[in-house]
Each structure stands twice: as C-alpha cells, then as structure tokens.
Amino acid sequence: MPEIEQRIAENLSSVRERMARAAECAGRESSSARLIAVTKYVGVRETAALLAAGCSTLGESRPQQLWEKAEQTELASASWHLIGHLQRNKVRRTLPKVDLIHSVDSLRLLKTINEICGELGEPKRVLLEVNCSGEAEKHGLTSESLKPLLAELANFEHVEVCGLMTMAAREGGEATAAQNFASLREIRDQSLKECPPGALLPELSMGMSHDFEVAIREGATLVRVGSLLFEGVRDG
Ligand SMILES: *Cc1c(COP(=O)(O)O)cnc(C)c1O
C-alpha cells in the first residue's frame with residue numbers, strides 16, 4: 001500500500017481504538033459514539049484513502065468544498081455531513097448532497113431548510129449548533145435563543161431536529177472543554193421539556209482531535225475528528 005494510504009489507515013485505527021477505550025472508560029457501548037472524519041484539510045486522494053480504510057462518514061465545514069468532494073466519483077460511497085456555517089443561499093445546493101447538517105444556528109436557517117426540503121420532497125436530519133463556550137467569534141445559538149426555536153419544532157415537517165452540536169472553547173484545556181460538553185448535555189436534557197411531545201434529541205455532536213475523548217466521557221454520540229487522521233500526511 002502506498003505510504004499515504006497506509007498512514008491514513010493507521011491513523012484511523014488509532015483514533016477508533018482511542019474512541020473505543022474512552023467509551024469503555026465511561027461505561028458506554030463502543031458503538032455509541034460514531035466518528036465523523038473531517039476532510040477539510042485534504043484533497044480527493046487522502047479522502048478516498050479514508051473510504052478505503054473503512055470510514056465512510058465524512059465531514060466538511062465549507063459548503064463549497066463539500067459540493068466539490070461530493071461530486072467526485074472516487075468518493076461516491078461517502079455519507080457527507082456539513083459541520084460548518086451554512087448561508088441560506090447555499091441551502092438548495094447543499095441539501096441533496098448531505099445526510100446530516102450539524103450546524104443549524106438560527107431559526108431563519110431552519111425555516112429555509114424546511115421549505116426547500118419540502119420542495120425537494122426529501123426530509124433531512126439536522127442538529128442545532130449551540131455556543132456553549134460563549135466565545136463571540138463562534139457561531140451557534142445561545143441557550144436562550146434555543147428555547148423559542150424548540151417550541152416551533154412541530155411546524156417544521158420536513159426537517160427532523162435530532163440533537164445538538166457544539167465546539168469547546170479554544171483556551172482552557174480539558175477542564176473547560178469538559179464543562180462546555182457537559183453544558184451541551186444539560187441543555188439537551190432541559191430542551192426536551194420545551195420540545196413537542198415525542199422529540200428525543202438523541203445526538204450530541206461534540207469533540208475534535210484534541211478533545212474527543214473528553215467529549216465521549218461527557219456523552220458525545222458523534223465526534224468530528226480531522227487533524228489526527230492526517231498526521232504525517234499533509235504538510236504543516
Ligand atoms: C475542522 C473542524 C473539526 C475538526 O477539527 P480537528 O481539530 O482538526 O479534529 C471539527 N468540527 C468543526 C466544526 C470543524 O470546523
């Protein structure tokens with residue numbers, strides 16, 4: 001196997017082992033936290049190497065890059081997740097290409113997604129992004145702005161809100177990340193009271209290369225890992 005492909009396969013199995021160990025330490029089933037491999041740093045070859053190594057759930061943070069990769073025949077077996085900010089004028093082009101949008105950060109965006117899903121006749125699963133760190137440069141709803149949105153969920157018949165997503169604070173290390181992740185879980189538990197009956201919000205998308213184990217300890221069901229998978233592969 002060429003070096004790059006080999007290295008990516010090794011990185012992937014190391015991340016999977018660490019995920020399984022973190023789940024075990026937390027007393028969870030190892031299948032209860034799933035990996036979203038974030039491919040924003042790399043091109044088609046490295047992305048194809050992930051698929052070949054058995055990881056088919058991939059994430060991109062920029063809609064344009066997601067569109068480009070999703071159109072590659074080598075990557076046709078991938079399931080794409082959008083994990084970054086989505087502008088409303090990009091919804092129509094993005095929807096047919098994604099299985100899950102992690103980053104719905106406003107009521108207006110949710111309304112647009114619902115409308116276009118209705119037109120396309122294709123329902124879509126989404127997560128609501130919550131800003132748990134309070135950092136001004138981050139996207140995401142505050143816990144206050146989440147409430148009125150949840151109360152309206154029953155009106156969105158073409159989108160299924162199936163959980164919440166967050167990013168930990170840049171500074172503050174593991175302890176702060178753990179706090180941010182615990183608040184997302186608590187906000188989810190609180191949110192269930194505001195939701196229409198029957199809503200479950202089972203998914204918590206949290207944790208990246210430097211904090212995915214902490215996230216699994218705090219209940220992550222989806223971790224979004226990029227850098228670690230491409231160690232020794234991309235320059236710089
Ligand atoms: C880039 C990115 C990731 C992956 O980050 P790494 O630290 O490279 O693992 C996860 N989530 C979001 C929203 C991102 O933009």
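E5 is buried, with a relative accessible area of 17% (buried means under 20%, exposed over 50%, partly exposed in between, using a 1.4 Å probe and protein chains only). This is a predicted model, in which local features need pLDDT of at least 70, side-chain atom pairs count only at pLDDT 80 or more, and totals for chains, interfaces and linings use all residues. Residues are numbered from 1 along each chain as its sequence is written, and side-chain values use heavy atoms, with hydrogens and water left out.

**Salt bridges**

- Side chains of opposite charge can pair when their charged atoms come close.
- Twelve salt bridges are found in a search of the whole structure (a salt bridge is a side-chain nitrogen of Lys or Arg within 4 Å of a carboxyl oxygen of Asp or Glu).
- One of them joins the side chains of E5 and R45, at 2.8 Å from N to O.
- This pair links distant parts of the chain, with E5 in helix α1 (residues 3-25) and R45 in helix α2, 40 residues apart (helices are DSSP runs of H or I with at least four residues, strands are runs of E with at least two, and both are numbered from the N terminus).
- R45 counts as partly exposed, at 42% relative accessibility.

- K97 and E71 form a salt bridge through their side chains, at 3.5 Å from N to O.
- K97 sits in the loop between α4 (91-94) and β4 (100-104), and E71 in the loop between α3 (63-70) and β3 (79-82), so the pair ties together parts that are 26 residues apart in sequence.
- K97 is partly exposed at 24% relative accessibility, and E71 is partly exposed at 48%.
- A network of salt bridges links E71, R93 and K97.

**The R170 pair**

- R170 forms a salt bridge with E137, and their closest N and O atoms are 3.9 Å apart.
- The partners lie 33 residues apart, R170 in the loop between β6 (159-165) and α7 (173-194) and E137 in the loop between β5 (124-129) and α6 (143-151).
- R170 counts as exposed at 64% relative accessibility, and E137 is exposed at 53%.

**Strand β1**

- Strand β1 (residues 34-38) is largely enclosed by the rest of the structure, because four of its five residues are buried.
- β1 runs parallel to strand β8 (residues 222-225), joined by four bridges (two strands pair if DSSP finds at least two bridges between them).
- R34 has L222 as its bridge partner in β8.
- Two bridges join β1 to strand β2 (residues 57-60), also parallel, and the partner of V38 in β2 is G59.
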